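My notes follow the order in which I looked.

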Amino acid sequence: MRTLVWFRGKDLRVADHVPLLEAAQAGETIPLFVLDPYFFAPERARSLPHRIQFLLDSLVELAASIAKLGSKLLVVAGKSADVVPHVAKAYAVERVVAHRWSEPVGRERDRRVAAALDVPFDLYEGETLAAPGQVMTGAGTPFSVFGPFARAFAKAVTIDGPKRAPRSLSPLPPVPRGIHPVTIPDLADLGLARNPRLVEGGEAASRKRLAKFLRGPAARYETGRDEMGEAGTSRISQDIKFGTLSARTIWTRAHAALDHHPKAARAYLNELVWRELAYHVLFHTPRVLTEPFRPSWKGFPWRKDAKAWKAWQEGMTGYPVVDASARQLLTEGFVHNRARMISASFLTKHLLLDFRGGEAHYLEWLTDGDWASNDLGWQWATGCGVDAQPWFRVFNPVLQGNKLDADGAYVRRWVPELAKMPDRWIHQPWAAPPRVLAEAGVQLGTTYPAPIVDHAYARKRFLAAADGHLGSASKRG
Ligand SMILES: Cc1cc2nc3c(=O)[nH]c(=O)nc-3n(C[C@H](O)[C@H](O)[C@H](O)COP(=O)(O)OP(=O)(O)OC[C@H]3O[C@@H](n4cnc5c(N)ncnc54)[C@H](O)[C@@H]3O)c2cc1C
């Protein structure tokens, strides 16, 4: 049997790629990647620089891995709904296989491709550990609270070990007339300069990252994960997003490696279940991409304040931990989870700016920028989402910093103008005695901004706005 194996941007690997393995076992394979001219246009690429770099590097490695197995990755430019049926017909394949995407845009694309194909189009699970719709309440409705979801997930989902890569692939038959393969563009073709501070793309680097974490910080993950200045987390979010590692590879490896560290295992695997919940919510409630999950938040009186928005984006709010997170995002396409929470809370509650602006900004700059997890995170921090923290909880960036970046390592790394501040004042330089500021070379308002807004005032302003808008809903908390 001849099978077209369609790789998309979420399964850029050869190990534990079941559609590829089964197609290889069944006969000839035609491995295909479609370069969508919208996504790979220079203007669009420039707005997603980190994701594009990781994706292109991973794609180059995928092509090399496929070549090592004896075939060739066919790269064709165009819209998937045109290219896939065209290539399928030209190669006279009997079947097209790919991994399922649960995001609305992917589902619509797959519907169109299926409609245009005259051979079967089989979608394999693997984007998440649970298939969409597999975990439901007893009443058959979707979950919106983590605890019950996690318990139902544990009952409903069996996670098998990952499958190996195919031992070999059939050589790619000659390219038929009418098909015009292209080379994988490099960053310069898209008007982008390489960012050396990004994590390395590709399957091999992803595997190394996971192994390094499991050998080291994983054993104390339950506490280390919250320390912003430490490398206490796995840093595999972009790998799972682009599929350079499969979700079940991560799950099974972590499960085995943390056998003797039950607290760490529970905490780490729980985070992977949060990702499952994010996909579950997006699958069942796609409207969350444009509106709050909780209807009572619709029409919330967000402010418009271009100056505050710019200060938040550029890391110039005068709140060191918030600024560190903004600069980390722009510089290395990553933000520590705790810093994401503080920063999102600051934008929405201290500045009273719409979470959707922050969400879009994160999606542009994060290498792991992912519709499902990003939306869940933003709506959680705002208080309008699934199993959100109570809306009236307003993170105090100073207390958060003092507790989870006690020696200021995170702030010193990303806000170097405060590097010489003593630990005691690093999270609130405005409160430091003039002598301390002078010794640290800090001139507030000149070398580093004074706080853009007073914490107590901002908290009161947010609570009044929320109370006014949410009315009786807010009283119920
Ligand atoms: C405002 C905000 C925005 C976020 N945006 C994204 C995003 O665009 N993409 C993204 O992958 N994650 C997002 N997260 C979740 C989380 O911050 C990142 O997954 C995590 O920081 C990635 O680092 P890590 O791989 O070292 O995580 P680890 O702590 O090592 O966790 C392991 C894996 O579990 C998953 N995970 C962990 N926490 C969460 C979570 N809260 N929700 C969903 N999955 C989780 C991720 O796949 C992560 O790689 C966001 C969180 C917030 C608060």
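**Entry: layout.** I am working with a predicted model. The protein is divided into domain 1 (2-127), domain 2 (128-162 + 205-284) and domain 3 (295-476).

**Entry: ligand position.** Where does the ligand lie relative to the domains? Domain 2 and domain 3 both give residues to the shell around the ligand, so the ligand lies between them.

**Entry: the shell.** I listed 26 residues around the ligand. Tyr221, Thr233, Ser234, Arg235 and Asn337 come nearest. By class, the shell has twelve nonpolar, eight polar and six charged residues. I then checked the helices. Helix 9 (237-242), helix 11 (262-284), helix 14 (337-350) and helix 16 (371-382) each supply at least two shell residues. Helix 11 gives the most, with five residues.

Entry: For Ser234, an N or O atom of the side chain is 2.5 Å from a ligand oxygen atom. For Arg235, a polar backbone atom is 2.7 Å from an oxygen atom of the ligand. For Asn374, a polar side-chain atom lies 3.1 Å from a ligand nitrogen atom. How much of the ligand's area does the protein bury? Taken alone, the ligand exposes 810 Å², and the protein buries 96% of that.

**Entry: domain 1 against domain 3.** I turned to this pair next. Their C-alpha centres lie 39 Å apart. The contact takes nine residues from domain 1 and twelve residues from domain 3. An interface's size is often given as the accessible area lost when the parts come together. Here the two domains bury about 800 Å² between them. Carbon and sulfur atoms account for 57% of that area. Which residues of domain 1 lose the most area to domain 3? I found His50, Arg51 and Glu103, together 64% of what the domain 1 side buries.

Methods: Residues are numbered from 1 along each chain as its sequence is written. This is a predicted model: local features need pLDDT of at least 70, side-chain atom pairs count only at pLDDT 80 or more; totals for chains, interfaces and linings use all residues. Side-chain values use heavy atoms; hydrogens and water are left out. A residue is near a molecule or strand if one of its heavy atoms lies within 4 Å of it. A polar contact is a pair of N or O atoms within 3.5 Å; within protein, one must be able to donate a hydrogen and the other to accept it, and residues adjacent in sequence count only if both atoms are side-chain atoms. Accessible areas come from the Shrake-Rupley method with a 1.4 Å probe; for residues, only the protein chains shown count as cover. Helices (H or I, at least four residues) and strands (E, at least two) are DSSP runs, numbered from the N terminus. Ala, Val, Leu, Ile, Met, Phe, Trp, Tyr, Cys and Pro count as nonpolar, Asp, Glu, Lys and Arg as charged, and the others, Gly among them, as polar. Domain bounds come from an automatic or database domain assignment. Contact means heavy atoms within 4.5 Å. Buried area is the accessible area (1.4 Å probe) that two parts lose on being put together, summed over both.
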